[in-house]
Amino acid sequence: SNLLGSLLVGIKIKKEVANAFVKRQKRSSLYSEYYKSPMEQMHERCENYPPCDYLSDQIGFSLAYNRFFG
């Protein structure tokens with residue numbers, strides 16, 4: 001909201017328009033938080049499991065992921 005506030009400094013804008021903008025921003029950020037691509041989910045699963053995370057640095061993500069979860 002600080003960013004929005006600074007964007008609106010010196011600009012007259014209807015309150016409804018500003019509210020709609022804020023709601024749209026919140027909705028889209030919530031959507032991107034909850035929807036993750038399968039690849040992103042796989043990366044997170046590996047990163048959250050230390051042996052997989054460590055091995056992915058050594059031999060690459062695909063090989064490490066398949067060794068633990070494949």
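I began with helix α5, where F61 and Y65 both lie, 4 residues apart, about one turn of the helix. For helices I took DSSP runs (H or I, at least four residues), numbered from the N terminus.

The model is predicted, so I kept local features at pLDDT of at least 70 and side-chain atom pairs at pLDDT 80 or more, while totals for chains, interfaces and linings use all residues. Residues are numbered from 1 along each chain as its sequence is written, and side-chain values use heavy atoms, with hydrogens and water left out.

Next I looked up aromatic pairs and found 4 in the structure. Rings of Phe, Tyr and Trp (its six-membered ring) pair if their centres lie within 6.5 Å; planes under 30 degrees apart are stacked, over 60 edge-to-face, the rest tilted.

I checked Y49 with F68: the ring centres are 5.4 Å apart and the planes stand at 75 degrees, so I logged the pair as edge-to-face. This pair links distant parts of the chain, 19 residues apart: Y49 sits in the loop between α3 (38-47) and α4 (50-59), F68 in helix α5 (residues 61-69).

I then read accessibility (buried under 20% relative accessible area, exposed over 50%, partly exposed in between; 1.4 Å probe, protein chains only). Y49 is partly exposed at 37%, and F68 is also partly exposed, at 32%.

For F61 and Y65 I noted centres 5.6 Å apart and planes at 40 degrees, so this pair is tilted. F61 is buried at 17%, and Y65 is buried at 10%.

Last, I recorded that Y49, F61, Y65, F68 and F69 form one aromatic cluster.

Methods
Helix = DSSP H or I, 4+ residues; strand = E, 2+ residues; numbered from the N terminus.
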